[in-house]
Amino acid sequence: HRDLHSFPTRRSSDLNLGPSDAAVWLSRVAALIPADAADERLSLAQDWYRLYDKSPNAEWGNNAIALLDPIVAAPQPPPEALLALAIQEERMQNESKAVALYRQVLSLPDQYKVIAENNLAMILINDDQSVAEADSLATAAARMHPDLAPAFDTLGQIKGKEKAYDQAISN
């Protein structure tokens, strides 16, 4: 039995494994990470997310969520975990959960908030839930980070939805 500190400190993406082999490797690593090691569990969840992103398999996406859920349930969860869970829930098409999590992230520091504003705006515009709120969120993200291309893409889509085509083109 090896403890966490004696295990290689590589990411699954560094090993050049196929998706199934990477999943086996991640499962082995998971067994070595203590339940209270939030940073390590967050890192592992991000590896599951990357694996899911490369080769969508619901089990792998759900593994990321299962690692993040207990971290986010803590009284003051790390902002990275809240945002990571929101993104993964959205990727897994659990949009109501993603929306609730993105709304929690909106109260966090700007470095997390800007991503939540943009991603939440995309959900709202794609589901016709609230074009005005989507516009407000995307505008805030674009103002906060004028170099963030996805925020301007989101604004362009919103303006197109509003049939404000001149504004859509300028974004």
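Trainee: Which residues have the most contacts inside the largest nonpolar core?

Mentor: Leu 44, Trp 48, Leu 51, Leu 68, Tyr 102 and Val 105 have the most contacts inside this core of 50 residues. The model is predicted, so local features need pLDDT of at least 70 and side-chain atom pairs pLDDT 80 or more, while totals for chains, interfaces and linings use all residues. Residues are numbered from 1 along each chain as its sequence is written, and side-chain values use heavy atoms, without hydrogens and water.

Trainee: What makes a set of residues a nonpolar core?

Mentor: Its members are buried Ala, Val, Leu, Ile, Met, Phe, Trp, Tyr and Cys residues joined through side-chain atoms within 4.5 Å. Helix H6 (110-126) is among the helices that each supply at least two residues of this core, and H6 gives the most, with 9 residues.

Trainee: Why is Gln 46 called partly exposed?

Mentor: Buried means under 20% relative accessible area, exposed over 50%, and partly exposed in between (1.4 Å probe, protein chains only). Gln 46 has 28% relative accessibility, and therefore counts as partly exposed.

Trainee: Which residues does Trp 48 touch, not counting those up to four places away in sequence?

Mentor: Trp 48 touches Ala 23, Leu 26, Ser 27, Trp 60, Asn 63, Ala 64 and Leu 67; contact means heavy atoms within 4.5 Å.

Trainee: How are two packed helices described?

Mentor: The description uses the angle between their axes and the distance between the axes. H3 and H4 pack at an angle of about 145°, with axes 9 Å apart; axes are lines fitted to C-alpha atoms, for helices over the stretch in contact, and angles run from 0 to 180 degrees between N-to-C directions.

Notes
Helices (H or I, at least four residues) and strands (E, at least two) are DSSP runs, numbered from the N terminus.
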